[in-house]
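Me: I have a protein model to read and I am new to this. Can you take me through its features one at a time?

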Amino acid sequence: IFSFLDIVTLCRCAQISKAWNILALDGSNWQRIDLFNFQTDVEGRVVENISKRCGGFLRKLSLRGCIGVGDSSLKTFAQNCRNIEHLNLNGCTKITDSTCYSLSRFCSKLKHLDLTSCVSITNSSLKGISEGCRHLEYLNLSWCDQITKDGVEALVRGCRGLRALLLRGCTQLEDEALKHIQNYCHELVSLNLQSCSRVTDDGVVQLCRGCPRLQALCLSGCGSLTDASLTALALNCPRLQILEAARCSHLTDAGFTLLARNCHDLEKMDLEECILITDRTLTQLSIHCPKLQALSLSHCELITDDGILHLSNSPCGHERLRVLELDNCLLITDVALEHLEHCRGLERLELYDCQQVTRAGIKRMRAQLPHVRVHAYFAPVTPPTAAGGGGPRLCRCCVIL
């Protein structure tokens with residue numbers, strides 16, 4: 001019974017009696033611990049005490065946001081909790097390479113490690129992890145901006161079973177890093193390269209050739225990419241389900257046409273600021289991608305009501321589409337909203353700064369789809385004044401209808 005309780009309840013139970021104290025604080029009840037809700041109170045000694053209490057029982061620990069935890073306490077933790085498999089250190093900004101050395105030395109069973117925003121982490125950490133944590137399957141290095149291609153090479157040489165690698169904001173990475181991933185990580189399913197602006201088509205092409213099982217790829221902010229990258233995905237990664245390509249402004253209908261015709265499992269696409277695409281892309285997605293659930297077309301100013309018509313009349317529109325973002329699509333009108341009435345599963349629609357969409361159009365659509373959340377901007381109109389004023393104000397208001 002005690003094993004089903006959360007840590008707050010366990011601590012309360014421990015105060016009932018001596019017998020309950022023994023039961024509640026038994027290490028077998030503390031296999032999974034999440035301290036995020038107590039992050040402001042968690043210091044190093046707390047982690048040390050937990051590690052001594054739980055010992056080899058602890059499998060999963062989240063210290064997300066616990067900025068008071070440093071290398072010394074995590075060394076004690078690693079020594080005591082050698083069966084840890086899932087460790088979240090997101091935002092633990094005090095830790096350095098020393099923590100990764102400790103994990104490498106004592107925690108060989110580690111499978112999931114999150115080091116997001118641990119900005120002192122360097123390539124040395126990745127070398128240590130590759131030597132001691134060879135069962136690693138998930139690694140998040142987002143915003144660890146000291147990481148370079150040398151660190152990635154050291155990592156993937158030892159951790160060849162990686163299935164998910166998140167490298168958002170690792171701005172020093174370039175094509176050679178992707179070549180190393182291609183050579184060693186053939187089981188890779190998910191890769192995030194958001195804001196890795198040095199990555200070019202050459203790197204993406206090499207990556208796709210070595211990672212045919214890829215299902216989720218984020219290239220948002222890799223502004224130099226062209227249709228060559230989409231072609232490589234289409235020809236090598238047929239299992240692709242998620243593609244985020246926001247701010248990749250050189251991508252065109254030709255690339256997305258080939259992608260849609262080869263990757264029929266696509267479920268989520270972020271094409272924000274892919275400013276060259278037109279209704280042709282929507283037509284191809286409508287025909288070939290029946291599983292599409294979420295689509296962002298914000299700032300794609302060439303999209304018109306006709307594109308939305310094709311999308312709404314497709315199998316994905318009728319059955320799967322849940323989220324559609326059309327912010328700043330200036331050619332979208334109330335006619336598009338009429339088309340979307342066929343999307344019975346639609347849950348959220350973004351229409352910020354769609355200047356030809358009216359309140360009346362939204363209300364008509366919601367009469368048919370009462371459960372949909374619509375986010376839009378409208379300029380309030382002032383009443384006429386004696387001086388003949390009136391009309392739209394300069395300020396705008398956000399409404400959720």
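This is a predicted model: local features need pLDDT of at least 70, side-chain atom pairs count only at pLDDT 80 or more; totals for chains, interfaces and linings use all residues.

Me: Which domains does the chain have?

Reply: Domain bounds come from an automatic or database domain assignment. Here the assignment gives domain 1 (1-29) and domain 2 (30-375). Taken over C-alpha atoms, their centres are 38 Å apart.

Me: How many residues of domain 1 are in contact with domain 2?

Reply: Contact means heavy atoms within 4.5 Å. By that rule, ten residues of domain 1 touch nine residues of domain 2.

Me: How do I read a pocket or a cavity?

Reply: Picture a 1 Å grid over the protein atoms alone. A cavity is a set of points where a 1.4 Å probe fits but cannot get out. A pocket is an open set with protein on both sides within 12 Å along at least five of seven lines. Lining residues have an atom within 4 Å of a point. Grid points are joined across faces, edges and corners, and a volume is the space filled by probe spheres set on the points.

Me: Which residues lie nearest the centre of the largest pocket?

Reply: They are Cys11, Trp30, Leu35, Val46 and Ile50, out of 14 lining residues. Helix 1 (7-13) and helix 3 (44-54) are the elements that each give two or more residues to this lining. Helix 3 gives the most, with four. Helices (H or I, at least four residues) are DSSP runs, numbered from the N terminus. The pocket holds about 410 Å³ of space. Domain 1 and domain 2 each supply at least three residues of its lining.

Me: What classes of residue line the largest pocket?

Reply: Ala, Val, Leu, Ile, Met, Phe, Trp, Tyr, Cys and Pro count as nonpolar; Asp, Glu, Lys and Arg as charged; the others, Gly among them, as polar. The pocket lining has eleven nonpolar, one polar and two charged residues.

Me: How many cavities of 30 Å³ or more are there in the whole structure?

Reply: The search finds one. The largest cavity has a volume of about 30 Å³. Its lining has seven nonpolar, one polar and no charged residues. Among them are Leu219, Ser229 and Cys248.

Me: At what angle do helix 3 and helix 4 pack?

Reply: Helix 3 and helix 4 (residues 71-80) pack at about 5 degrees, with axes 8 Å apart. So helix 3 is roughly parallel to helix 4. Their contact residues divide into three nonpolar, six polar and two charged. Val47 and Glu48 are among those from helix 3, and Leu74 and Phe77 among those from helix 4.

Me: Where do helix 12 and helix 13 meet?

Reply: The axes of helix 12 (residues 279-288) and helix 13 (residues 305-312) come within 8 Å and cross at roughly 5 degrees. Therefore helix 12 is roughly parallel to helix 13. The contact includes Leu282 and Ser286 of helix 12, and Ile308 and His310 of helix 13.

Terms used
Residues are numbered from 1 along each chain as its sequence is written. Side-chain values use heavy atoms; hydrogens and water are left out. Axes are lines fitted to C-alpha atoms, for helices over the stretch in contact, and angles run from 0 to 180 degrees between N-to-C directions. Angles under 35 degrees count as roughly parallel, over 145 as roughly antiparallel, 65 to 115 as roughly perpendicular and the rest as oblique.
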